[in-house]
Number of protein chains: 2
Amino acid sequence: MHQLRKPYLLYLGDAHQPTDAKTACGLRDWCRGDVIGEWSLPTATVSAGVPRLSPAEAAAAGAGSLVIGIASVGGKLPNAWLPDLEAAIACGLDVVSGMHTRLTSFPSLVRAAEGRGVHLRDVRHSDTVFPAGTGRKRTGMRVATVGTDCALGKKYTALALTNALKARGANATFRATGQTGIMIAGEGIAIDAVVADFIAGAAETLSPDNAPDHWDVIEGQGSLFHPAYAGVTLGLLHGSQPDAFVLCHDPSRTTIEYYPDFPLPTLSDAIAQYQTAARITNRNAYCVGVSINSSTLSDEAWSEYAERTSGQLGIPVCDPMRGGVDAIAQSLLTA
Amino acid sequence: MHQLRKPYLLYLGDAHQPTDAKTACGLRDWCRGDVIGEWSLPTATVSAGVPRLSPAEAAAAGAGSLVIGIASVGGKLPNAWLPDLEAAIACGLDVVSGMHTRLTSFPSLVRAAEGRGVHLRDVRHSDTVFPAGTGRKRTGMRVATVGTDCALGKKYTALALTNALKARGANATFRATGQTGIMIAGEGIAIDAVVADFIAGAAETLSPDNAPDHWDVIEGQGSLFHPAYAGVTLGLLHGSQPDAFVLCHDPSRTTIEYYPDFPLPTLSDAIAQYQTAARITNRNAYCVGVSINSSTLSDEAWSEYAERTSGQLGIPVCDPMRGGVDAIAQSLLTA
């Protein structure tokens, strides 16, 4: 289980494309209070719009970690970034990366971190040894986000639902299972990096026993309908033991992204199959709502889609970016 | 992907309980032609019933590997075995182990193997980096074994079905996904040891394109109904893209082994759920037969059970230990 040291100095390297700064902007949007500033190479042209601070200034202001906030081409860490990372280490900051290339694969960073007594955190990877799943019922309540596909809003929905539950006075915790979510939460497990035998066990570890009225909101991964990643999805679902789940969907997709031969299921088929799967470890699991990425729909089309779909399925249909997910939070709390 | 060097010298350590020698006896039964002999400490009282040869004698007779053929308490490798393993290495044999403790965690073995130019093969582990699943349809035919639970005959059924297909003149290959299967086949992937994101990709690697009339018979793992291991089961099923599957079951079980709160599904529910899951990557996947571990049933009870169940499901119901699985092979080849 990753545990990160906040607050963060965001690092933008030599980013030129605003879309490269997706991770930095996600951190700014979802944990602004934990972001102390940003730093980049002189050649960078992208900003997350937070105060510019050098590693030394950030350390003096109390920063705990420098977080690499951009996705580099191919997930590789350019050598040009190393001096900035070494400067951060020299100032006593941990370095956090969500890239495929491990920070620990750079001997100069390892030596510097050991010498200064700070940590290199590769949050896309998982070096923890987890137990096998036990299936034991845990105390507290759990809701998980699941999807018809990858990359259509499961993290965003879980974060929005956590906030909506808190806004209603409920006690709720976002449980991160991917690298950006882990950076936002400051802790979590990169569930797709766990050894296959221990997916469910890692998910059990992620949402331990809690107060009876506490909600863990668990970030989903992959999709039961994805030819590459469904195993991760199912193990995470089983270990999470959710009381309820939210189905995430993008109505502009008809097939799995990048897999044009694989059609998406209908919403009712997807709900039925997730419910069957979830009931292996929680016999009362049910679908509490649908979260739609409606960015391709006009206001009129979205309004018509939401009303029709909600009528057909008998549950709230929301877009966290367009009206929020309070209806789902309300349904959860009154169920 | 593990590739082992045959033939084998089986190693029995200091085994006292006949049940400890399960792996050695499995190798003797399923690949007798690849077993050149056995060796053990003077204190051992168990034999697999094959010629006793020292590592030097086995090497002289052409052995490629010493295979640890017993399960030690707790999966640990006793220090008392090290001199025999070092002797095997000195004679030029690879050493193969299916235990949790890695051979490579013993510096003396690593040094000896490097010095002699032989390999230490920890077949329970997987250090290969696999690609993500592509979902691309591969040439050749595939049949997978799946189960209502773990440890009820998926490997045994796959091996028996491979032989039954060959006996009918078909071209068939057993594809191993667990440590004992890998030792028997001499190759394979410990699928539950793969990083979660790459389960389906590893399964795709295991059964590559083949001749149109060739059958890969893929050893299943875990169960869709198991609270700890279903993720492995689903990813393996998706990557295998089976044209057909055989459901394995033990009618004496009513709940998942060691998980008494988790009821087993009915056979028809299990078939329906496996079929739904398998059709994600092979739209024509179907259940070709049921393989029963009937060891708790009398001859009369088994005969009645098989007839009734086959009538209900409309497919062959076999026990590989009691009459064999030829009816399933026949059904596969005439489908």
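Predicted model: local features only at pLDDT ≥ 70, side-chain atom pairs only at ≥ 80, totals over all residues.
## A residue and its contacts

Two residues are in contact if their C-beta atoms, placed from the backbone, lie within 7 Å. Leaving aside residues up to four places away in sequence, Arg52(B) touches Gly37(B), Glu38(B) and Trp39(B). Arg52(B) sits in the loop between strand E3 (35–39) and helix H2 (55–60) of chain B.

Is Arg52(B) buried or exposed? Arg52(B) is exposed, because 12 other C-beta atoms lie within 10 Å, and a residue with 12 or fewer counts as exposed. Arg52(B) and Ser40(B) are 12 residues apart in sequence. In space, their C-alpha atoms are 8.6 Å apart.

## Chain A as a whole

Chain A has 11 helices and 15 strands. Its radius of gyration is 20 Å, close to the 20 Å that the globule rule gives for 335 residues, so chain A is as compact as a globular protein of that length. The C-alpha trace of chain A spans about 55 × 45 × 45 Å along its principal axes.

Of the 335 residues in chain A, 54% are buried. Now consider contacts in chain A between residues at least 6 apart in sequence. Of these, 75% join residues at least 24 apart.

## Two copies, one axis

Two copies of a chain are related by a rotation about an axis and a shift along it. Here, a rotation of 180° with 0.0 Å of shift along its axis superposes chain B on chain A. The RMSD is 0.0 Å. That is the relation of a two-fold axis. The same surface serves both copies, since 100% of the contact residues of chain B recur in chain A.

How many residues does each chain bring to the contact? Chain B gives 30 residues and chain A gives 30 residues. On the side of chain B that touches chain A, four elements of chain B each supply at least two residues: helix H7 (199–206), helix H8 (230–240), strand E13 (259–263) and helix H9 (267–278). The largest share of this side, six residues, comes from H8(B). By type, the residues on this side of chain B divide into 18 nonpolar, nine polar and three charged.

## The nonpolar core

The largest nonpolar core holds 222 residues. Which of them touch the most other members? They are Phe245(A) and Phe245(B).

An α-helix has 3.6 residues a turn, so residues three or four places apart point the same way. Helix H1 (residues 22–30) of chain A has the buried residues Thr23(A), Ala24(A), Leu27(A) and Trp30(A). Seen down the axis of H1(A), these buried residues fall within an arc of 150°, so they line one face of the helix. They pack against strand E2 (8–11), strand E3 (35–39), strand E4 (65–68), H5 and helix H6 (179–185) of chain A.

In helix H11 (residues 326–334) of chain A, the residues Ile328(A), Ala329(A) and Leu332(A) are buried. Seen down the axis of H11(A), they fall within an arc of 100°, so they line one face of the helix. In chain B, the buried residues of helix H11 (residues 326–334) are Ile328(B), Ala329(B) and Leu332(B).

Most residues other than glycine have a negative phi, and most peptide bonds are trans. A cis peptide bond joins Lys6(A) and Pro7(A), with omega about -5°. Pro7(A) lies in the loop between strand E1 (2–3) and E2 of chain A. In chain B, the peptide bond from Lys6(B) to Pro7(B) is cis, with omega near -5°.

Ala151(A) is not a glycine, yet has a positive phi of about 50°. Ala151(A) is in the loop between E7 and H5 of chain A. It counts as partly exposed, with 15 C-beta neighbours inside 10 Å. Tyr258(A) has a positive phi too, near 70°. Tyr258(A) lies in the loop between strand E12 (255–256) and strand E13 (259–263) of chain A. With 13 other C-beta atoms within 10 Å, Tyr258(A) is partly exposed.

Terms used. Residues numbered from 1 in each chain as written. Chains lettered and ligands numbered in written order. Nonpolar A, V, L, I, M, F, W, Y, C, P; charged D, E, K, R; others polar. Core = buried A, V, L, I, M, F, W, Y, C linked by C-beta atoms within 7 Å. Buried ≥ 20, exposed ≤ 12 C-beta atoms within 10 Å, placed from the backbone. Arc of directions from axis to C-beta. Rg over C-alpha atoms; globule rule 2.2 N^0.38 Å. Least-squares fit on C-alpha atoms with pLDDT ≥ 70 in both.
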